[in-house]
Amino acid sequence: MNSKQPIYPVEPWSVTETAFNMADNYRNETIFSLSNGYIGTRGTFEEGYEFNTDQGLEGNFINGFYESEPIRYGEWNFGFPEHSQTLLNLPNLKTTKVYLDGEWFDMRTGSIEDYRRTLNLREGIVTRSLTWTSPYGKHIRIETTRFVSFVMKNIMVQRIRIIPLDFKGEIGLLSMLDANVENHTRVTNPLIDYGPFGRTLNADKITAINDMLFYAGRTTNSGLKMACGCVHLLTSERTDKCYETEKFRCSVRYTAAGEVTMDKFIAYTSSLDIPDAEFNGYIRWILHEAKQQGFDVLAQKQRDYMTSFWENADVEIDGDDVIQQGIRFNLFHVMQSAGRDGRTGMGAKGLSGEGYEGHYFWDTEIYVLPVLIHTFPNLAKSLLDYRYSTLDAARARARVLGHAQGALYPWRTINGEECSTCVPLGTAQYHINADVAYAFTQYVKITGDTDYLKAKAAEVLCETARVWADVGSFSEARGGKYCICCVTGPDEYSAFVDNNFYTNLMARESLKSAVSALKWLEENDLNAFDALRRKINLQLSEPVLWQSIAGNMYLPRDEKKGVYLPDDGFFLRKPWDDRQIPPEKRHLLYENYHPLFIWRQRMAKQADTILAMFLHSGYFDCEEMSRNYDFYQEFTLHHSSLSTCVFGIAASAIGRTDEAYRYFNDSARMDMDDHHNNVYAGIHAANMAGTWQAIVFGFAGLRINSDPKSPLADGLELSPKLPGRWNGYRFRIFFKGMPLEVSVQKSGCSVRLLDGESLNVILYGEKRRLEKEEILCANIK
Ligand code: BGC
């Protein structure tokens, strides 16, 4: 486990870089990246420094906008995905070069004083300020501000203020649109051998006219089209402006004197949203709207949005500022990265970089969605809407995999189609199907949104259940139990295993959820029940089969040790000896060892069985959880960022709060302190969300209480513990639309229903009905 010294000063509501250092640039581009779930932009500087692929990556993205290439396989098999999907790096409009009487402002030359770049987590705004003395002695103060608007999804805003301190000469501002951009595929995804290599976006139009820089272009292969543009507002008297257009660039150059402030409004859109014939008019219109509202109004709206986000999502920690900063940084990145238009998901790296090609994984459903369902249910719903919108693609994929019915969600995707090229570590991770179903189930349970159950969730549950009912069989070799062979569980250091515990348990629960959803529909809305049956041609014999599979699902177990096994072959594999691997190669097994060498050894990359046990903790008592936790501690290497937060939750559940804290500590500042030395490629969104889970599900012990036969929850359960280093913590969650505040202090804990009628709360095992404004108190146990 990692615990590094904080890289940035410890501040509860911000992250500050106090000195400019090119060597830290690549990492800081991710740390200071901004997004609104639609546009994502890396924290590169306005000056637009040229750097090589080891020093940085200018990155601007539209969620869901990808380029695709035919995948070249050395050996091809039926059903291999044929086309890649890569989040495409788009034209950059952030660059605004500043020159002072012919000298360019460049932080690599001259000297810098009072440098600060701050991500203000409370406001969702990045600012930078510094005093610069040019090589020829000109002295200026520069202040920049940037945000990606949460209220206008197409808009990013920048302000540059230049205050001459001791010179009266000409100040030039050169605002640029640079379309000569390409992905850094090689650097951020070294494991793949397909592109996009080089520039694959082709310009249809590039103009600098009437105060607007405009670009429209199309991808070479995926057929998607996009447009972007910017307009400016200068508050100093302009003396001059001139435009220039080249093949891949256009620019406008303003010349002013004295103090000058330039507000720059940037817009992106794509053919995923509007027809390309409307690009020019739309960009012009949306930029006009943004400019009309102006920087101050949009900045205030940004703050208001963030205020309401924090009101519901903040976790306050009393007595540990280091962790406080980590958790807020994590929550901010999680929230800003989530697709929110119902047709986009959330990348494992959000929109902060090109890592994992911008693909969406199970990270969203198992790590991110539980957080959003409790803190920002509408955002959670949008992410589920995205999965629903790709149900047809999942149906088609199921046919390719030989399932006559049902839907199989892809392991890696952007557009809904499978694009993972490595079968054992990709398509074989069938558990994604149960993960998606789990997220739909949790959403309905926790929000009580039965309209959603009728409209979308039940259909997803039934279609995914059909694949579970087809993928395995009742096997005589396992006493007639239902077995699922040749899958890969979450642990990616074993592959193509039989009866992966996580997969089988999640599949079992997924089948049960489908049955209970149908039963609820039949009892509560016969029209909806009939409509669904007709829509998916559901036979009444199907839920009967699902129930019987669920009742007979095989779960591998070592009776002597009293533990569940990750899969049938676990004890057949060679015992792992960490000492055989030089320390510098330990985190990079796939880069240094053949997959077969890895898969044959008895160890795990990440939480697998323990995760399944936590997600369905109602089935396992504390003793059983403890045994399994001890067993898996020994085998789990935590080489995935998705692992320690889960072990932290498990440790809390069995009362080992100190151990829980150690795991949690590793996860809480993983990206801020760059534990894995790879933040440059983008954030680890799943772990970031896992930190919240480690507090709320871990330390506070939140569980949803429900009858397994009902798709709706009955109440919630809490059994808060207080880590020794903290004086207290406090958070809010939504349950069935009702906000609740949980406060845990040394003097005791309290649960308060802030709004809504009443709800059932079980606090340390004692059940109570909590009325509005009522506070339930208890001593910490
Ligand atoms: C993990 C997967 C995860 C992916 C994206 C891999 O290293 O093993 O579980 O989905 O990263 O975060």
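Guide: Start with the patch rule. A patch is made of residues with over 30% relative accessible area and no salt bridge, and nonpolar side chains are joined within 5 Å. Keep in mind that this is a predicted model.

Visitor: Which residues make the nonpolar surface patch?

Guide: Trp-76, Phe-78 and Val-400 make it, and the patch covers about 350 Å².

Visitor: What makes Val-400 partly exposed?

Guide: Its relative accessible area is 31%. Buried means under 20% and exposed means over 50%, with partly exposed in between. Val-400 at 31% is therefore partly exposed. The patch rule asks for over 30%, so 31% passes that cut-off too.

Visitor: Where does Val-400 lie?

Guide: In helix 7, residues 391–400.

Visitor: Why is the pair Asp-392 and Arg-395 called a salt bridge?

Guide: The N to O distance between their side chains is 2.8 Å. The rule needs a side-chain nitrogen of Lys or Arg within 4 Å of a carboxyl oxygen of Asp or Glu. So the pair qualifies. Both residues lie in helix 7, 3 residues apart, about one turn of the helix.

Visitor: Which residues are linked with them in a network of salt bridges?

Guide: Asp-392 and Arg-395 are linked with Glu-459, Glu-463, Arg-466, Lys-535 and Glu-542.

Visitor: How do you know that Lys-519 forms a salt bridge with Glu-523?

Guide: The closest N and O atoms are 3.5 Å apart. The limit is 4 Å, so this pair counts. Lys-519 and Glu-523 are 4 residues apart in helix 10 (residues 501–524), which means a separation of about one helical turn. Lys-519 has a relative accessible area of 39%, so it is partly exposed. Glu-523 has 56%, so it is exposed.

Visitor: What about Glu-509 and Arg-508?

Guide: Their side chains meet in a salt bridge at 2.9 Å, N to O. Glu-509 is buried, and so is Arg-508. The structure holds 56 salt bridges.

Visitor: What is the packing angle of helix 6 and helix 8?

Guide: About 145 degrees, with the axes 11 Å apart. Among the residues making the contact are Leu-384 and Tyr-388 of helix 6, and Val-436 and Phe-440 of helix 8.

Definitions and conventions: Residues are numbered from 1 along each chain as its sequence is written. This is a predicted model: local features need pLDDT of at least 70, side-chain atom pairs count only at pLDDT 80 or more; totals for chains, interfaces and linings use all residues. Side-chain values use heavy atoms; hydrogens and water are left out. Patches are made of residues with over 30% relative accessible area and no salt bridge: like charges are joined within 9 Å, nonpolar side chains (Val, Leu, Ile, Met, Phe, Trp, Tyr) within 5 Å. Accessible areas come from the Shrake-Rupley method with a 1.4 Å probe; for residues, only the protein chains shown count as cover. Helices (H or I, at least four residues) and strands (E, at least two) are DSSP runs, numbered from the N terminus. Buried means under 20% relative accessible area, exposed over 50%, partly exposed in between (1.4 Å probe, protein chains only). Axes are lines fitted to C-alpha atoms, for helices over the stretch in contact, and angles run from 0 to 180 degrees between N-to-C directions. Contact means heavy atoms within 4.5 Å.
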